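Welcome! Please take a moment to look over the sequence and the 3D view, and then follow the short briefing below.

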Amino acid sequence: ICACPRTSQHSSTPTVIYLPHNNGQRRTMARAKTHWSADAMDFKAHPIRPLLPTVVGACTGPIAGIQQLNMDVDEPDKTQDAPLAGIAKWNKRLLELDGESMSLYQHVANSCSRYGDPIADVYALVARPNNAILVVADGCNWGPRSRQAARCAVHGCISDLNSKLFESPPNTIVDIFQLMFSSLNGAQRLIVQNQGTTTTLCMAVVCEMAKSNGGWGLCVVSVGDSPCFVWQKKTGLVIEATSKTHEGHDRDMRDSGGCLGANVGTDPDLSNLLCCFTCLSSGDIVFLTSDGVSDNFDPVTLLQVSDPLQEDEVEKGTVVLERVSAKKRQELLLENLSGLLQKADSGNDAGLNAFLLKEAVISHIIDLTEDKRRYMEAQDKEIEREGLSASEKRKLIKEMQRNAKMYPGKLDHATVAAYQVGHLAVKNET
């Protein structure tokens with residue numbers, strides 16, 4: 001399914017090193033002053049400190065998360081006595097480690113269920129004293145088989161990493177990338193075996209670097225459009241570690257760009273498979289999201305600017321929205337995220353942590369999409385009113401879809417999975 005990392009020559013030590021997979025072509029990214037290539041063995045072998053194995057925190061979701069691979073069941077599999085994916089307890093959330101998945105979709109008329117059920121996002125997080133594993137998958141489209149693909153992808157990756165990272169401990173980030181790429185094979189195999197469809201996947205490993213001045217490293221492997229962000233404690237700003245997946249071209253929210261699972265026959269689509277390495281500092285927060293979160297900070301979704309992919313002009317009130325470049329669009333997205341998190345950081349005496357970041361992001365996107373959700377629910381009830389003909393219903397549906405575009409925000413499944421970088425103490429359990 002993919003190649004493996006090796007050492008390479010770097011003209012300087014970059015903050016972010018990107019490595020997309022693109023028919024074996026070797027290319028140079030001038031801004032980072034480094035090489036990136038389809039050959040996954042193009043990383044410099046930066047040494048790391050030994051990964052400490054004791055689990056300090058672990059969580060998965062929504063509901064059962066990876067604890068249930070029966071696609072028709074929500075609750076955890078109570079018949080499992082042995083550790084699941086190498087973890088005995090999946091309910092150990094921390095201020096430094098937390099995640100949440102939820103639905104932003106409107107309720108179905110006269111029902112407690114929501115459009116798009118079940119939630120097809122899945123996440124799993126594991127933190128140890130000096131390292132962490134984060135995995136998020138976003139099942140493509142709706143339905144149990146999309147959720148099954150996401151469950152299997154996360155389960156396959158995190159099970160493999162929890163095992164191999166400590167059975168054959170890595171000495172460099174090259175070793176970590178080798179194991180991360182290897183875990184994609186297990187994820188793909190599990191999706192096909194359990195009749196899942198397709199899913200995006202973003203996985204990250206945070207490790208302590210073996211440098212005299214300390215420091216931490218973030219290794220990310222991504223397929224699709226589920227991004228990895230870093231909130232930098234020193235600056236209060238957010239960067240996207242996976243921005244190379246859409247750099248230089250306008251993002252199409254209808255196309256994930258790549259996926260695991262049965263895309264063509266039983267093969268995945270690795271068009272935008274990417275791995276990258278980012279330097280971190282203690283106190284930074286790494287957070288993975290599904291596009292249901294990231295798109296709700298996109299200036300196009302927020303009606304701040306016009307969608308470059310649409311030919312028609314977009315108006316907000318009496319103002320025609322400006323068309324901006326892909327680069328400017330990304331800058332505005334990060335500004336929107338940074339602004340929210342700076343406010344959350346300043347509003348807490350102890351500063352921002354993973355739990356507070358998750359709460360701030362989830363609360364914000366719920367509030368942002370509330371008016372659109374209420375409008376859609378009211379229109380659904382009108383459409384289901386007795387006595388309407390089929391043609392009248394079709395007319396109302398077209399009107400609803402047109403008017404919904406005037407409300408900011410995007411209704412989707414939304415996931416945030418966050419970890420705050422730093423040493424964690426091992427607590428004795430009673």
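Helix α1 is mostly covered, with 17 of its 24 residues buried. Keep in mind as you read that this is a predicted model.

**Helix α1**
- You can find helix α1 at residues 144-167.
- From its first C-alpha to its last, α1 reaches 34 Å, which is close to the 34 Å expected at 1.5 Å a residue.

**The chain as a whole**
- Counting its elements gives six helices and 19 strands.
- The chain has 430 residues, and buried residues make up 55% of them.
- Take the contacts with a separation of 6 or more: residues 24 or more positions apart account for 75% of them.

**A closer look at Lys358**
- Where does Lys358 lie? Look in helix α5, which covers residues 354-383.
- Is Lys358 buried or exposed? Its relative accessibility is 6%, and buried means under 20%, so Lys358 counts as buried.
- The side chain of Lys358 makes a polar contact of 3.1 Å with the side chain of Asp98.
- Another polar contact, of 3.0 Å, joins the side chains of Lys358 and Glu359.
- Leaving aside residues up to four places away in sequence, Lys358 touches Asp98, Gly99, Glu100 and Val416.

Notes
Residues are numbered from 1 along each chain as its sequence is written. This is a predicted model: local features need pLDDT of at least 70, side-chain atom pairs count only at pLDDT 80 or more; totals for chains, interfaces and linings use all residues. Side-chain values use heavy atoms; hydrogens and water are left out. Helices (H or I, at least four residues) and strands (E, at least two) are DSSP runs, numbered from the N terminus. Buried means under 20% relative accessible area, exposed over 50%, partly exposed in between (1.4 Å probe, protein chains only). A polar contact is a pair of N or O atoms within 3.5 Å; within protein, one must be able to donate a hydrogen and the other to accept it, and residues adjacent in sequence count only if both atoms are side-chain atoms. Contact means heavy atoms within 4.5 Å. The expected span of a helix is 1.5 Å times one less than its number of residues.
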